[in-house]
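Subject: Structure handover

Hello,

Please find the structure below.

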Amino acid sequence: MTVHFDDLLAEVRHSNTEVLWRGTFREYYERVKQDPSIVQNAHQRLYNAITRHGIEEVDTSSDKRLFRIYGGRARKILRYNFFEPEFYGLDLAIMRIMEFLKAAASGGEESRQILYFVGPVGSGKTSLLDHMKLALEMAPPFYALEGCPVHEEPLHLVPKDLRRRWSDVLGVAASNYQGHLCPVCKQRLRDEFHGEFADYPVIQRRFSGDEGVGIGILPPSDENSMDVSLLIGRENLGLIGKYPENDARVLEFDGALNRGNRGIVDLYELNKNPVPLLLPLLSATQEKRYRAPGQHPMIYFDGVLVAHSNETEFERFKTDKRNEALVDRMVPIKFRYSRQVSDIRRILEKVVVRDASFTATDGTPAHLAPGTLDVCALFTELTILHDSNKVDLLTKVKLYDGQDVAEQSATEKPVDIRELFEEAGSKEGLDGFSTRFATKAMGAALARTPDCRCVTPVQVMEVLSEFIHDYDLPPEQREHLDDTVLKGIVRRWYLREVLREHIAMGFIHAYEESAEQMWQEYLEHVLAYNMREQVRDAKTHELEEPSEDLMSAMERPIGIRNKAQADEFRSQIASFVARRRQHGQTISFKEHERIREAVKRRLFSSVSDYTRVISRGAIKTADDQERYDRMVETMVHDHGYCPVCVDVVLRFAHNHNLFQE
Ligand SMILES: [Zn+2]
Ligand SMILES: [Zn+2]
């Protein structure tokens, strides 16, 4: 469909002139009677703004990976769709926040407390809070008294001693509209309406961070720039002479508590503010009201207060005696770097692929070679995890990620993830590098390639190493990160578990006939073995016993070590083949996962010089050229390489003697 300029213009006009309802309090009363749910306190409204996008209840026992991550415990976890596509690894923090909002919504003690997000830089505190604000901005409009500087609930017009009666008639809990009129509305009701509130105008408003409607921000200030008006608003000195003494019209409500009334007040780096500035917050939580500027009466407050800072700053704030009362009102929510490598990978993918949109110089999306994000995620994760005495770091990464690592440690007792958590203590996840370190490295690596067309793990690892040396770190930590983590674990993992896999699959393709032959031969012996028959030797045509050497050469590399295991595996193979044959299929080695693995490994140990195939420079015959081409084709087609990166990684594999270990 072609979209014309006028269509676009019409859309703009439509979104600019969205008509919000305006009426009298009498009409508002009718609206409430029809739908009492339009009267909500701030915590309730925020809770609903998030949950209206849906909640999913997940049972950890229904998903093998989750079950392992949650320490082999069956428990129900709630996933909030609104946060789902954006936030990885924050399940627990989000659940705590939502529990808090739910409790506060019913007017409990929580509604008089401050949420405090504590965690390291880049652990998602700010983005999560921004997303909560977005939930409000996307929510249906709310109702407020017209002209009210703090957008207050229209039912505040009802005198307190009559509210119980009104609540009964309207079906609205009194906790949904606690509070009293602000000085401005109070004065207007008296002067303009002579106390008769039936015709007082009511309007609908939308939450807006830009316009400061229901979303307020308190920036950190210091002793010198300290100004309590940032929180509670001010008296306009220019107007003071114009109106009678104590006239509310001189008030300017542009403080964070004013703007964030009905919604969220964002108190970032709250701890950096001088103590006297924080006093209004104490009354805003304890009494749900704060003093107005000058001699004006107290103002009622209904909002969700959210502070955030890193752990060290929070600890410092806590130990200052003068903050005791405020700290007592705080509910800390711990944010950590994710300890699951696949979450980190997803965060990187989101930043790199979706948000930062890596592009080549011609504007087309740049290519990320297979394994690039994985290498960055693994590196980041390894800077976060603490050493363990029970397992090596790479195994720890896999266990934390819920991967099944039983096979690798078949001889030892499997390690319980709960033991690892216990060993790591409560500090793990609070330090290390945020994902920003790796995204910067990816950006730099891409910029260094000729036309920014493609970036590979090889280039990213080079840049990461440089970054580690440029970073302000103690020498021994620098050495540890570069030598042990990056050049040790990460590079080794990439070579052995990613690149070798990919090349191997290409390689199998290149040597497909040999591979099939190997499998058929093995199968012949296995079937004979199971039937206790003999096989005919291909050359001598004599009948012989099935060759134990031949069979175990295939089985040993995939971890089959004794007769019992071999017997079981061989009978599995026989029945697998029998089932397929019933359906008249020919059976390729590729169809059975463990066989494919076995053939692959066997193939490597039998072809003596791979360099001919994995290194373009070493190709001498047309036959080799064809094999090389087939391998590259498989890597491009099946694993997502492009002609640029396939060349880079093959050279890397060759330089590191990948197949000669
Ligand atoms: Zn008001
Ligand atoms: Zn590429």
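In what sense, parallel or antiparallel, do strand β4 and β14 pair, and over how many bridges? Strand β4 (residues 114-118) and β14 pair in the parallel sense, over 5 bridges. Two strands count as paired if DSSP finds at least two bridges between them. Helices (H or I, at least four residues) and strands (E, at least two) are DSSP runs, numbered from the N terminus.

Two remarks on the source before the rest. This is a predicted model, in which local features need pLDDT of at least 70, side-chain atom pairs count only at pLDDT 80 or more, and totals for chains, interfaces and linings use all residues. Residues are numbered from 1 along each chain as its sequence is written, while chains are lettered from A and ligands numbered from 1 in the order in which they are written.

The sheets

β4 and β14 belong to an open sheet of 5 strands with parallel pairing, in the order β7-β10-β13-β4-β14. β7 (215-218) and β14 (330-334) stand at its edges with a single partner strand each, so one side of each has no neighbour in the sheet. On average, neighbouring strands of this sheet are turned by 20° against each other, direction ignored. Angles in these notes run from 0 to 180 degrees between N-to-C directions, and axes are lines fitted to C-alpha atoms, for helices over the stretch in contact. Within β14, V331 is the bridge partner of L115.

Another open sheet has 3 strands, ordered β1-β6-β5, and its pairing is antiparallel. Its edges are β1 (22-24) and β5 (142-145); each has a single partner strand, so one side of each is left without a neighbour in the sheet. From one strand to the next, the twist averages 35°. β1 pairs with strand β6 (residues 201-205) in the antiparallel sense over 3 bridges, and V202 in β6 is the bridge partner of G23. Helix α2 (residues 25-34) packs on this sheet and touches β1, β5 and β6, and its direction makes about 100° with that of β1.

The domains

The domain assignment, which is automatic or from a database, gives domain 1 (21-38 + 109-334), domain 2 (341-473) and domain 3 (508-655). The C-alpha centres of domain 2 and domain 3 lie 32 Å apart. Between these two, 9 residues of domain 2 are in contact with 10 residues of domain 3. Contact means that the C-beta atoms of two residues, placed from the backbone, lie within 7 Å. The side of domain 2 that touches domain 3 has 5 nonpolar, 2 polar and 2 charged residues. Here Ala, Val, Leu, Ile, Met, Phe, Trp, Tyr, Cys and Pro count as nonpolar, Asp, Glu, Lys and Arg as charged, and the others, Gly among them, as polar.

A helix pair

Two packed helices are described by the angle between their axes and the distance between the axes. For helix α16 (residues 372-384) and helix α20 (residues 457-470), the angle is about 30° and the axes are 8 Å apart. That makes α16 roughly parallel to α20 (angles under 35 degrees count as roughly parallel, over 145 as roughly antiparallel, 65 to 115 as roughly perpendicular and the rest as oblique). T372, V375, C376 and F379 of α16 make the contact with P457, V460, M461 and L464 of α20. By class, these residues divide into 7 nonpolar, 1 polar and no charged.

Regards
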